[in-house]
Amino acid sequence: MPPTADSRGQDETPGGTDDLLDALQHQVALFARRAEQTRLGGVGQARNSMDRAAYLLLTRLDQDGPTGVKALATGMGIDSSTVTRQVAPLVESGLVKRTSHPDDGRAVVLQLSPRGASRLEQVRASRRELMAVLTREWDEEERTVFCELLTRFNQALSDFQAANS
């Protein structure tokens, strides 16, 4: 029996598009809950030792190098006040350094400190180990495809947020 479309053009056949989208949203909701419960923090000593905001900020500074608050906020899709609030404990703990912008001494530039780089690598290693454990029965192609699809999904979420904010 061919699929029928509702007024939105979605497939109403059992096992069709609506069922697949329902299953997908359910799996995303489960993933979000489990990720938050475990914080996907890794294994070993570094497990759950860095919150998501800190990890993402440190990773961004590691990738981009010294960055102003506004540029960091824009790149992460959050507002400057959120970056300022989230980076304060990282500066206080010595993981991030605040310096003056080389061209404009009034502007602040954030930079990963050597201590921050070391700490970030500890956490990354722990999280890599967790990913290895969780996907131990997957072959390299499955890991690659999952990573590519998750990257696309995250980009679609980011694009959706940007278009609707």
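Colleague: Why are helix 2 and helix 5 called roughly perpendicular to each other?

Modeller: This is a predicted model. In it, helix 2 (residues 52-64) and helix 5 (residues 114-134) pack at an angle of about 110°. Angles of 65 to 115 degrees count as roughly perpendicular. Helix 2 and helix 5 are therefore roughly perpendicular to each other.

Colleague: How far apart are the axes of helix 2 and helix 5?

Modeller: The axes of helix 2 and helix 5 are 11 Å apart. The crossing of helix 2 past helix 5 is left-handed.

Colleague: Which residues make the contact?

Modeller: Helix 2 brings Y55, L58, T59 and D62. Helix 5 brings L120, V123, R124 and R127. Contact here means heavy atoms within 4.5 Å.

Colleague: What classes of residue does the contact of helix 2 with helix 5 have?

Modeller: The contact of helix 2 with helix 5 has 4 nonpolar, 3 charged and 1 polar residues.

Colleague: How many salt bridges does a search of the whole structure find?

Modeller: The search finds 4 salt bridges.

Colleague: What makes D64 and R60 a salt bridge?

Modeller: Their closest N and O atoms are 2.8 Å apart. The cut-off is within 4 Å, so the pair qualifies. Both D64 and R60 lie in helix 2, 4 residues apart, about one turn of the helix.

Colleague: Why does D64 count as partly exposed?

Modeller: Buried means under 20% relative accessible area, exposed over 50%, and partly exposed in between. D64 has 43% relative accessibility, so D64 counts as partly exposed. R60, at 25%, counts as partly exposed too.

Colleague: How do you know that R128 forms a salt bridge with E121?

Modeller: The closest N and O atoms of R128 and E121 are 2.7 Å apart. The limit is 4 Å, so this pair counts. R128 is partly exposed because its relative accessibility is 48%. E121 is partly exposed because its relative accessibility is 35%.

Colleague: What makes R143 and E140 a salt bridge?

Modeller: The closest N and O atoms of R143 and E140 are 3.9 Å apart. A salt bridge needs them within 4 Å, so the pair is included.

Colleague: Why are R143 and E140 said to be separated by about one helical turn?

Modeller: R143 and E140 are 3 residues apart in helix 6 (residues 140-163), which means about one helical turn.

Colleague: Are R143 and E140 buried, partly exposed or exposed?

Modeller: R143 counts as partly exposed because its relative accessibility is 30%. E140 has a relative accessible area of 56%, so E140 is exposed.

How values were computed
Residues numbered from 1 in each chain as written. Predicted model: local features only at pLDDT ≥ 70, side-chain atom pairs only at ≥ 80, totals over all residues. Heavy atoms only, no water. Axes fitted to C-alpha atoms, helices over the stretch in contact; angles between N-to-C directions. Helix = DSSP H or I, 4+ residues; strand = E, 2+ residues; numbered from the N terminus. Parallel < 35°, antiparallel > 145°, perpendicular 65-115°, else oblique. Left-handed = near helix turned anticlockwise from the far one by under 90°. Nonpolar A, V, L, I, M, F, W, Y, C, P; charged D, E, K, R; others polar. Salt bridge = Lys/Arg side-chain N within 4 Å of Asp/Glu carboxyl O. Buried < 20%, exposed > 50% of the residue type's maximum accessible area, 1.4 Å probe, protein only.
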